[in-house]
Amino acid sequence: MPILVARVDSDTQMQAIKRNAKKERSKIHNFPLKGQEIGSSKTGFEEDLKEYDIMEDLKSHDLVLIKKNAQISTRYDKKGELRSRFGDISFNQSRSIFDSSIMETPFRGFFILAWMAVGMLALKTLVEYERNNTRIYTSNIIRIMQKDLIKVGFADLLMYLSMYATFFLQKLIRNGYLDWDNTGMYLQHVYQCGFLFFWLLTAKRMEFPWIGKIFLLLHSLVMLMKMHSYAFYNGYLFKIQKELDFSQRHLNNKKQKLDKETTSALQKSVEFCKFELTSQSTTSPFPSNVNLKNWFWYTMYPTVVYEIDYPLTNEIRWKYVGTKMLGIFGVIFLMILVAESWLYPLALEAIQLRKLPVSQRVSPYVFILLEMAPPFLLMYMLVFYLIWELILNAVAELTGFADRSFYSEWWNSVSWDEFARDWNLPVHRFLLRHVYHSSISAFQLSRYNATLFTFLLSSFVHELTMYVIFGKFRGYLLYFQMAQIPLTYLSRTKFMADRKILGNSIFWLGISTGPSLLCSLYLVF
């Protein structure tokens, strides 16, 4: 380990200098900051005082250099080349699967047939409403959606504006009013916790309908991830900038005697820090990216992982936007039909079972579960298509965000970890960088424990959504999601390795029954 050397040779001499500094402090006007020049003419006392400050500065950063040597492998790849901490994720110009490859495969006819079947089912449902002299716009689901709509929208606007506290905190750090390590990071953690619970309590106190509550919760989680990624991305780079300034200052100090090992460590530090800072952007070098324009556009982009630069398109295809908007309203209409015609009556029936003793609920519960499975599966697929294909692509087109890889071929999954990666790529990227990798670096967790920690955090957040919807904590979703871990290891056994069809069948069995099983459990028990 490097030993940092200064010309103060003993503790006795250091204490004498400190006593002299206290005696002479009142004699010196405009006393300088630590490590700064005292004046053009230097007395012997001033020289000793400066050397003492340099030594204290070095000693205070000695642990940083030691840790850097211990973690040097994280700064270089296997070939010995410099590696950025943010090299785990890259954004590239791409198109979503349903926008590109799905219509270029031999199975495009099945895709069209599936939508025709859904359309015929919707038409049949509308005809039945007409025969019964009822209107879909007077349905219970529409009534729930319309309740407090303006209030929910206004609360969402205020929630978005409250995100800007994160930006202003980074501005204070950039301007030198705060330090990220000593103050900024802790303020950010406190604010994020307060942000989440404040808006949870606000939605509950305002007595919004469950649709309004779950919308605000999900949007608040998106904003929370955005704030966290922005703050800790820039916070890390502020630390790198601080390390660079420290290393350069002491390398350039000709009066300071450093051994070869320490000099080499400082030189490597300068090399890496310059690489890390310049590799983030070629157009907006750090910290010039901490500005209102960059922050605003980041909040608009359909991603929860911050980068200084993203691949962007040159123009907005308004025909494409119109197609996606029509699809959004069409899918929402289909979801209302499915919910009103099948799920809402079954939910009322399940709620009535609560009045019975537990032993008498089991038999009718099984039939409710079987009846719920088909419409819930259809609803599950519609929700996926609405959010990840229609809404995110529409937002991406309007903002010029060119990376449209919001999901991968999750329907071909043969294990639950594969599904977790491919189902929701924006959130997967956030968990990979800010939970999995951060837990390894911050808490020194092993990869296995970091995986468990990531799954556990994700499970708690999913359970929180169930609490908001049903108003009670049962832990069913938490249990089933954590159960995916042993199932994942089972899928990696030799028995399952070459049985892709069996693995995909087990996966689809879980998708087909899981949502209805969870919903019915929360409703009945």
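In this predicted model, the second largest pocket holds about 630 Å³ of space. Its lining is made up of 21 residues, and those that lie nearest the centre of the pocket are Phe98, Ile102, Phe111, Ala114 and Met381. Helix 3 (108–131) and helix 12 (358–399) each give at least two residues to the lining of this pocket.

A search of the whole structure also finds one cavity of 30 Å³ or more, and the space in this largest cavity comes to about 30 Å³. Around the largest cavity stand Val118, Leu121, Ala122, Thr125, Leu334, Leu337, Val338 and Trp342, with helix 3 and helix 11 (318–353) being the elements that supply two or more of these lining residues.

The table sets out the two linings by residue class.

| Space | Nonpolar residues | Polar residues | Charged residues |
|---|---|---|---|
| Largest cavity | seven nonpolar | one polar | no charged |

We turn now to the packing of two helices. Helix 8 (residues 210–251) and helix 10 (residues 292–300) pack at an angle of about 140°, and their axes are 11 Å apart. Because of this angle, helix 8 counts as oblique to helix 10, and the crossing in which helix 8 passes helix 10 is right-handed. On the side of helix 8, the contact is formed by Met225, Lys226, Met227, Ser229 and Tyr230, while helix 10 contributes Asn294, Trp295, Tyr298 and Thr299. Sorted by class, the residues of this contact comprise five nonpolar, three polar and one charged.

Conventions
Residues numbered from 1 in each chain as written. Predicted model: local features only at pLDDT ≥ 70, side-chain atom pairs only at ≥ 80, totals over all residues. Heavy atoms only, no water. Axes fitted to C-alpha atoms, helices over the stretch in contact; angles between N-to-C directions. Helix = DSSP H or I, 4+ residues; strand = E, 2+ residues; numbered from the N terminus. Parallel < 35°, antiparallel > 145°, perpendicular 65-115°, else oblique. Left-handed = near helix turned anticlockwise from the far one by under 90°. Contact = heavy atoms within 4.5 Å. Nonpolar A, V, L, I, M, F, W, Y, C, P; charged D, E, K, R; others polar. 1 Å grid on protein atoms, 1.4 Å probe; cavity = no way out; pocket = protein on both sides within 12 Å on 5 of 7 lines; lining within 4 Å. Points joined across faces, edges and corners; volume = space filled by probe spheres on them.
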